[in-house]
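Thank you all for coming; I would like to walk you slowly through one structure this morning. Please look at the sequence and the model while I talk, and keep your questions for the end.

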Amino acid sequence: MNQKLQGIVPPLITPLLDSDTLDIEGLERLIEHVIKGGVHGIFILGTTGEGPSLSFRLQTELIRESSRILNKRLPLLVGISHTSIVESIRLSQVAYEAGADAVVSAPPYYFTLSQSELVLFYENLVHSLELPLYLYNMPNMTKVSFAPSTIRRIADHPNVIGFKDSSGNGTYFQSVMHAMSDRDDFSFFVGPEEMMAEAVMMGADGGVNGGANIFPKLYVDLYHAAVEGNSNRVQQLQAKVMQVSSTIYNVGKNGSSFLMGMKCALSVLGLCQNVLAQPYQNFDSEHSAVILKALNDLQLLKTEPM
């Protein structure tokens with residue numbers, strides 16, 4: 001990547017026809033939808049993209065098709081998180097050959113890693129990559145969090161160019177930015193959309209926010225209002241973001257309800273089908289009706305590009 005990435009980078013959902021079949025037409029509609037909404041990049045194969053649940057074959061197809069559809073109109077970031085460094089490198093090579101701009105890696109999950117093991121893993125990984133790397137902090141899923149000093153050490157390698165934090169811990173995020181305050185070239189992104197505007201006003205570079213799949217313009221507008229320090233506009237748009245979070249993401253009682261709600265909303269809008277990779281469940285017609293009401297109550301459909 002030639003310049004520092006800033007703005008809204010949706011963690012794209014993966015449109016599916018079934019657990020191992022990519023919905024290419026849905027992917028095309030979704031990518032065009034978020035581009036029209038003004039987003040600044042696209043991130044595939046993250047948590048919201050169900051990356052760990054997809055086969056290597058499907059991951060490869062998604063990378064290639066996303067790159068083809070984007071056609072360099074926006075930066076493409078590809079998740080390569082895996083329990084095996086060999087498989088992470090293998091997927092990164094697919095991303096490189098497809099023309100992606102960077103890769104994103106969360107720590108290996110299953111066994112809990114020490115900070116010294118994290119450093120060793122990423123020092124070995126980064127030396128094997130053709131593309132720049134973003135570190136991805138997702139402690140709820142990986143059982144480990146990057147210490148600020150660990151990030152500092154890993155980022156001594158010039159190919160480590162940014163950090164995405166999905167911990168939801170504002171104090172921790174500020175500690176990381178403070179530890180890296182002399183690196184103007186290093187990007188800081190926050191995952192939880194509920195705190196994106198606040199983080200940007202405190203110096204973050206943007207958000208990797210799932211709701212931008214549905215309402216890209218809302219999150220782009222909120223980002224710009226935060227950059228401009230327009231507190232009245234931030235307050236107005238933040239209320240809409242909280243409405244998305246408290247309704248669409250909270251239908252049902254499963255741990256994956258946020259993803260179920262997101263895919264259901266996108267299917268109601270006609271962008272892709274309401275299909276999740278196994279073992280996750282799809283919403284039924286009763287849940288879909290709740291999602292439709294939530295979408296109508298948000299009163300954003302007329303202002304969003306479809």
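What you see is a predicted model, in which local features need pLDDT of at least 70 and side-chain atom pairs count only at pLDDT 80 or more, while totals for chains, interfaces and linings use all residues. Residues are numbered from 1 along each chain as its sequence is written, and side-chain values use heavy atoms, with hydrogens and water left out.

Let me begin with the backbone. Leucine 45 lies in the loop between β4 and α2, and its phi is positive, about 65 degrees, although leucine 45 is not a glycine. With a relative accessible area of 6%, leucine 45 is buried, where buried means under 20% relative accessible area, exposed over 50%, and partly exposed in between, using a 1.4 Å probe and protein chains only. Lysine 72, in the loop between α2 and β5 (76-79), likewise has a positive phi of about 65 degrees without being a glycine, but lysine 72 counts as exposed, at 55% relative accessibility. A further backbone feature is the cis peptide bond that joins glutamine 278 and proline 279, with omega of about 10 degrees; proline 279 sits in the loop between α11 (257-268) and α12.

Now back to the loop between β4 (42-44) and α2 (56-70), where we also find glutamate 50. Is glutamate 50 buried or exposed? Glutamate 50 is buried, at a relative accessible area of 2%. Its side chain makes a polar contact of 2.6 Å with the side chain of lysine 263, a polar contact being a pair of N or O atoms within 3.5 Å, where within protein one must be able to donate a hydrogen and the other to accept it, and residues adjacent in sequence count only if both atoms are side-chain atoms. The glutamate 50 side chain also reaches the backbone nitrogen of alanine 277, at 2.9 Å. If we set aside neighbours within four places in sequence, the residues in contact with glutamate 50 (contact means heavy atoms within 4.5 Å) include Thr14, Leu16, Leu259 and Tyr280.

Serine 187 belongs to strand β9 (residues 187-190) and is buried, with a relative accessible area of 1%. Not counting residues up to four places away in sequence, serine 187 touches, among others, Lys4, Tyr134, Phe163 and Asp205.

How many disulfides are there? Taking a disulfide as a pair of cysteine sulfur atoms within 2.5 Å, the count comes to 0. The sulfur of cysteine 264 has its closest cysteine sulfur in cysteine 272, and because these lie 10 Å apart, they are too far for a bond. Cysteine 264 is buried, at 0% relative accessible area, and cysteine 272 also counts as buried, at 5%.

I will finish with a pair of helices. The axes of α10 (residues 231-247) and α12 (residues 285-298) come within 10 Å and cross at roughly 170 degrees; axes here are lines fitted to C-alpha atoms, for helices over the stretch in contact, and angles run from 0 to 180 degrees between N-to-C directions. The α10 helix is therefore roughly antiparallel to α12, given that angles under 35 degrees count as roughly parallel, over 145 as roughly antiparallel, 65 to 115 as roughly perpendicular and the rest as oblique. The contact is made by Lys240, Gln243, Val244 and Thr247 of α10, together with Ala294, Asp297 and Leu298 of α12.

Terms used:
Helices (H or I, at least four residues) and strands (E, at least two) are DSSP runs, numbered from the N terminus.
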